[in-house]
Structure formats: structure tokens, C-alpha cells
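Open the model in your viewer and follow the stops below in order. Each stop says what to select and what is found there.

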There are 2 protein chains.
Amino acid sequence: MNTRRNAQVVLRRRPSGLIAAGDTEVVSGDAPAPADGEALVRTTYVGIDAAARTWLNDQPGYLPPVQLGEVIRAAGIGEVVESRCAAYRVGDVVTTLTGFQEYVLVRDDVFTTPVPGPDVDQLAVMSVYGPTGATAYFGMTGIGRPKAGETVVVSAAAGATGSVAGQIAKIAGARVVGIAGGPRKCRAVVDDFGFDACIDYKSDTLTADLKTHCPRGVDVYFDNVGGPILDAVLGRLAHRARVVLCGVISSYLTGEHPGPANYVNLLAKTAVMQGFNALHEWDRFDEAFAALHDWEKSGQLVHRETVMEGIDSCVDALNGLFSGANIGKMLVRLSEPGSGQAARR
Amino acid sequence: MNTRRNAQVVLRRRPSGLIAAGDTEVVSGDAPAPADGEALVRTTYVGIDAAARTWLNDQPGYLPPVQLGEVIRAAGIGEVVESRCAAYRVGDVVTTLTGFQEYVLVRDDVFTTPVPGPDVDQLAVMSVYGPTGATAYFGMTGIGRPKAGETVVVSAAAGATGSVAGQIAKIAGARVVGIAGGPRKCRAVVDDFGFDACIDYKSDTLTADLKTHCPRGVDVYFDNVGGPILDAVLGRLAHRARVVLCGVISSYLTGEHPGPANYVNLLAKTAVMQGFNALHEWDRFDEAFAALHDWEKSGQLVHRETVMEGIDSCVDALNGLFSGANIGKMLVRLSEPGSGQAARR
């Protein structure tokens with residue numbers, strides 16, 4: 001057995017705002033050997049999600065904070081290169097909490113899921129057939145429940161979750177208005193993801209633009225950002241509106257969450273605002289993936305990725321989420337997909 | 001037919017904060033004569049609700065603002081003294097938007113409802129078998145849905161809606177914690193209304209008290225107040241909590257609504273916050289009243305009233321809501337109940 005070198009990004013100091021030099025360190029050592037019941041996975045793509053930044057703060061969340069000296073936590077995809085576990089064979093493609101590292105040990109547990117077939121499109125898995133797609137699906141179909149002719153607004157519409165959520169609303173027959181930052185992203189939201197319109201929140205005319213594009217109010221709002229954008233959309237709710245709370249990216253760097261004063265509109269409009277976490281719907285992921293698969297295969301659902309290269313890019317990619325560097329899912333490629341499959345042949 | 005004098009409180013100037021001298025005027029004139037299809041009602045009790053204050057601001061709401069020169073709008077109860085309307089006979093007791101006035105014309109419409117039987121307890125109607133009771137019922141049973149053993153928190157717990165809402169949660173088997181202002185009200189919440197505990201928000205230990213009384217978090221919060229109390233309770237939510245938005249009394253005087261920064265806990269706790277208005281459930285009032293009647297008759301549901309006397313007290317009573325003058329439903333008695341019934345005999 002060759003010795004495999006495993007480069008990892010570990011946390012050295014809790015960041016304040018964007019991750020700065022010295023907050024993290026890339027270290028390299030031997031990849032661990034799997035014990036009985038374990039398998040070793042070579043990471044192909046690590047997913048860059050805003051949630052990963054929240055885990056660097058010393059605050060309780062749905063997962064515990066990353067501790068100093070630990071590898072930065074992230075969901076990714078990879079290929080089994082050694083197995084002492086009945087659940088996985090060498091060459092299997094699995095999604096798991098890879099973290100920012102080139103190799104990770106897995107076992108047959110809730111966070112590790114084999115992906116059917118070695119020829120799977122790993123980019124599609126990261127964009128659609130994983131927590132990102134499931135989040136868009138459960139939030140939009142379970143809470144938003146758009147009906148034909150209703151008006152749906154999605155923030156961070158060019159992002160991984162927002163782009164899928166908006167397309168699901170289009171499939172339901174709704175008029176879908178995105179909110180994104182800058183003309184390039186707004187064009188992608190309309191041209192690539194097929195939204196009916198997209199509002200550039202950097203234009204400083206957000207409230208007026210919402211009125212223009214949502215003349216009968218907002219029936220469903222899928223919120224990824226919180227802050228002033230959430231407040232503005234709450235001010236434009238239609239009667240019996242549904243607000244899907246998916247994320248609060250505006251606060252993840254600082255841990256501060258200004259409260260939305262227009263929450264009182266929930267009362268005036270008999271509306272509802274609901275938080276959710278796709279991980280609580282784990283037992284329904286098959287349902288979500290089946291629906292998403294049908295839509296993707298029929299061409300109703302497209303996915304895009306922004307891919308950076310190599311372990312040294314992981315922190316830049318995560319910081320980049322907060323300056324809006326990505327269209328579609330932000331990923332870092334740590335190894336070439338298919339090398340595990342080749343190894344098995 | 002005797003000429004009846006009708007004293008009314010009309011709006012002269014939009015108040016800023018509490019209603020001040022000169023904002024309103026008591027005027028007196030002849031009571032109107034009913035036309036065909038109308039009846040004349042002598043007001044017995046006018047209900048004093050915080051919503052009445054919101055209608056004095058020049059802001060759109062679920063009912064339009066009261067215009068300058070108009071009678072101040074309020075829901076009340078009275079007795080038919082003349083009728084040219086098939087729906088009502090002289091002596092009938094009806095609930096309607098009496099306003100702050102001694103006589104009001106009614107017709108057979110959605111805001112006027114005959115109360116079965118002339119011997120009805122009019123105080124009970126105002127506290128339980130009207131919009132107040134229906135609001136508590138629909139909010140607690142439809143949105144809160146407390147289960148046995150869950151922890152329910154109710155703000156403005158000594159007030160008309162809160163006191164009923166909390167008792168409904170007790171009937172469902174929940175542990176119910178009230179929030180009220182001052183030791184006298186807190187005693188009433190526990191001793192009169194049977195809550196398990198009551199937190200005095202004036203004690204400045206609200207957050208610590210919530211932790212003490214809700215060690216496993218808050219499963220249901222019935223919010224009548226908004227502001228810092230809503231924010232504090234949002235910070236204590238349990239997993240899958242339900243927040244019932246019933247009112248925002250903290251903002252009604254100023255029209256300002258500070259946003260609750262802890263709304264992000266809706267996301268962390270997979271919780272829901274929902275506004276409602278009992279008037280939208282008009283077709284289910286019979287169901288509500290039947291349930292409330294059974295509970296009241298079996299002694300599981302008590303009601304209390306704070307009654308002031310005479311047309312000149314109406315404005316003081318409304319202002320008094322904001323200093324917490326009332327335990328139970330705040331009412332002003334404008335005439336003796338039963339005189340209409342006596343007139344018919």
C-alpha cells in the first residue's frame with residue numbers, strides 16, 4: 001500500500017469577519033489507515049457552503065463549533081480508495097462531511113451516503129442530489145408551496161440553493177423574481193436559471209423594484225440572506241404569504257442579526273415565517289432526489305457550478321461566498337473524479 | 001317615540017402616543033332613526049381593545065383608519081330598542097361595532113351578530129363569546145396546538161385575550177407560563193386564571209426568569225406584545241416551536257416596531273412564527289363558541305372584566321390598556337343591561 005499524503009485545512013484561531021491569514025493553516029501528513037468498519041475516501045469536490053463559516057464561531061448551532069486544531073467542516077464528495085467496511089467498495093462514490101481535506105475516513109453512518117453508480121455526474125450530485133438540492137426542495141415544496149400564478153421571491157438567487165429553489169417554483173407555475181448582487185449574476189438568474197426577473201440589491205432601489213416586479217405582493221419568499229433584504233420583502237408580503245427561512249448569510253461573518261421590523265406584516269397579512277433544516281428531513285431525501293432527478297432529466301432544472309482548484313483555494317472559496325464570487329454551487333476540486341473508478345477496473 | 005340623546009366620542013386630531021385632551025371630543029345629538037332594513041341598538045358595554053388605538057393612526061390595516069370627525073371604532077354589545085329589520089326584534093342582544101357611542105344603527109351584516117337569549121351574561125359575551133374569545137381560541141388551537149406536557153408562554157397574560165389563551169393551553173395539558181406587568185397582575189394570572197407561573201416583565205430579569213420557568217425551552221409562545229418581550233422569548237424557543245403573533249401592543253402608540261433579532265432562532269430551532277386575525281375565521285366562530293361554552297360551563301375557563309362607567313371614561317379606558325390598568329377584558333358600561341329586555345315585556 002502506498003502512503004498517501006493528506007493535506008488538510010485546520011482552524012488555528014477563530015476568525016472575526018472574513019477568514020484572515022493565520023486563522024487557518026494547511027498542514028500535510030499521512031492519510032489515516034481505515035480500521036475495521038471504516039473506509040478511506042479521497043475527496044474529489046468539497047462543497048463551499050455559508051454554513052461552514054458559522055461553524056467557525058464559538059456558538060452552538062445544529063452542529064457543534066469546529067474546535068481549534070480541527071479540520072474545517074464541510075460537505076463534499078469523494079471516492080472510496082480503501083475499504084474495511086461492508087457498506088462501501090473501492091471505487092464507490094460517496095457524499096460525506098469530507099471537510100477541507102484530501103482524504104477522510106468514513107463509516108456507515110448518517111452523514112455518509114453512497115451515490116448510485118460510479119459514472120454519476122459528481123457536479124450534479126453536489127448541486128442537486130445532496131443537501132443543497134434537498135434544502136431547496138424541502139423549503140420550497142414543504143413550506144413555500146407556491147401555486148400557479150403566485151409570485152415567488154428568492155434571495156441569493158444566483159447561488160446554489162436559491163437557483164434550484166427558484167426553478168422549483170417555476171415548475172409549479174409561479175412567477176419567480178430573484179434577488180442577486182450585480183448585473184452579471186442577475187443576468188445568470190434570468191438567462192441560465194430561467195427566473196422571470198431579477199432585482200439587483202446593490203442598486204439601492206430594492207423596495208421600489210420589489211413593488212415593480214411584485215405588483216400584487218409576494219406570496220412566497222425563500223430567504224437565504226436575512227438582514228435588510230428580508231426586511232424589505234416582509235414589507236411587501238401578500239395576504240397569507242409564506243416566508244421560508246433558509247439562511248442568514250448577512251449575519252454569518254459577524255454573528256449579529258438585526259431584527260426585521262417588518263415582521264409585524266406577518267400579523268397584518270396573516271402570513272407565516274418558518275425556519276427549517278433539510279437534515280431533519282433525512283428520511284425523505286429519496287423522495288426529493290427522485291423529483292429533482294425527473295426535473296433535471298426533462299431539462300426543467302439546470303445546475304451551474306463555480307469550481308476552484310486545490311486545497312489552498314478552500315479558504316478563498318469560502319470567503320468568496322460573502323463577496324458573491326459564485327454563480328451556482330461553489331466547489332473546490334481536490335482530486336480528479338473517476339480515478340477511484342479507474343483503480344477498481 | 002321618545003327622542004333619544006346619543007353621546008359619542010369623535011376623533012378631532014390624530015393622537016401621538018396616548019390620546020391627549022383635544023384629540024377627541026364627546027358630542028351629543030339625537031340618536032338616528034332606523035331606516036328600512038335597520039335597527040337602533042343602545043350600547044350596554046363597549047369593548048376596549050388595543051386595536052382601537054391602531055385605527056386612530058393614519059395607516060392602512062385590516063380595517064381603514066378612523067377619519068377625523070368620525071366616532072372612534074370599537075366592538076361592543078347592546079340591545080335593540082327600535083327595529084325596521086327582519087333580523088332583529090326589540091330586546092334582542094347583539095354584538096356589533098358599536099363604537100364609542102350610546103346608540104348605533106345596525107343592519108343584518110357580518111359585523112352584527114345576535115346573541116342567543118335575552119338572559120345572556122353580556123360580560124361573558126364580551127370576554128369569551130366574541131372576537132376576544134375567538135382570537136384566543138383560533139390562535140391557540142389552530143397555530144399554537146399545544147400538546148400535553150409542552151411549555152406554553154403567553155404575554156399580556158392578565159389581559160382579555162391572553163388570559164383565555166393560556167387557559168385553553170392548560171385545558172390541553174400544557175404547562176403554562178404567563179408574562180404580565182407587576183405583582184398584582186402576576187397573582188391574578190396564577191390565582192384567578194390558573195396558570196402554572198407568571199413572570200413579571202417589569203422585574204428586569206425576564207431572560208433569566210424564562211430560563212427558570214421554561215427549562216426545556218418554549219414550545220408555544222402566544223404573543224400579544226411584540227418588542228423586547230417577543231425577542232426574549234424567541235431566544236428561548238424549543239425545537240419545532242410555534243410562535244402565535246396575535247398583537248404588537250408595544251408598538252401601537254408609536255407605530256414603531258423594533259425587529260426581533262432572535263428571529264434567527266426560527267431557523268436554528270426549525271420553528272414557525274405565524275400571524276392571524278380571528279375575523280378571517282368568521283365561518284368557524286360557532287365551533288369556537290361551542291368549545292369555549294363547554295369549558296366555561298364545566299368551570300375550566302373563567303373570565304374577568306375591568307369595567308369603567310360612562311361615555312367620558314372611554315378614552316381613559318383605552319389609554320389605560322397601555323399602562324396595564326385592566327385585569328381581564330376592559331369594558332366601559334354605557335347603559336344598564338336588561339333594560340331593552342324589560343321594555344319588550
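**Stop 1: A:M273 and its surroundings**

This is a predicted model. Select A:M273 and display its contacts, leaving out residues up to four places away in sequence.

**Stop 2: the nonpolar cores**

Next, select A:L266, A:M273, B:L266 and B:M273 together; these have the most contacts inside the largest nonpolar core, which has 102 residues. Apart from this core lies another, of 40 residues; to find it, select A:I143, A:I168, A:A174 and A:A180, which are among its members.

**Stop 3: the interface of chain A and chain B**

Now colour by chain and select the residues in contact between the two chains: 28 residues come from chain A and 27 residues from chain B. Together the chains bury about 2,200 Å², 67% of it on carbon and sulfur atoms.

**Stop 4: the side of chain A that touches chain B**

Select α7 (227–234), β12 (237–245), α9 (265–268) and β13 (272–275) of chain A; each supplies at least two residues of the side that touches chain B. β13(A) gives the most, with four residues. Finally, colour this side of chain A by residue class: 15 of its residues are nonpolar, eleven polar and two charged.

Definitions and conventions. Residues numbered from 1 in each chain as written. Chains lettered and ligands numbered in written order. Predicted model: local features only at pLDDT ≥ 70, side-chain atom pairs only at ≥ 80, totals over all residues. Heavy atoms only, no water. Core = buried A, V, L, I, M, F, W, Y, C linked by side-chain atoms within 4.5 Å. Buried < 20%, exposed > 50% of the residue type's maximum accessible area, 1.4 Å probe, protein only. Contact = heavy atoms within 4.5 Å. Buried area = accessible area lost by both parts, 1.4 Å probe. Nonpolar A, V, L, I, M, F, W, Y, C, P; charged D, E, K, R; others polar.
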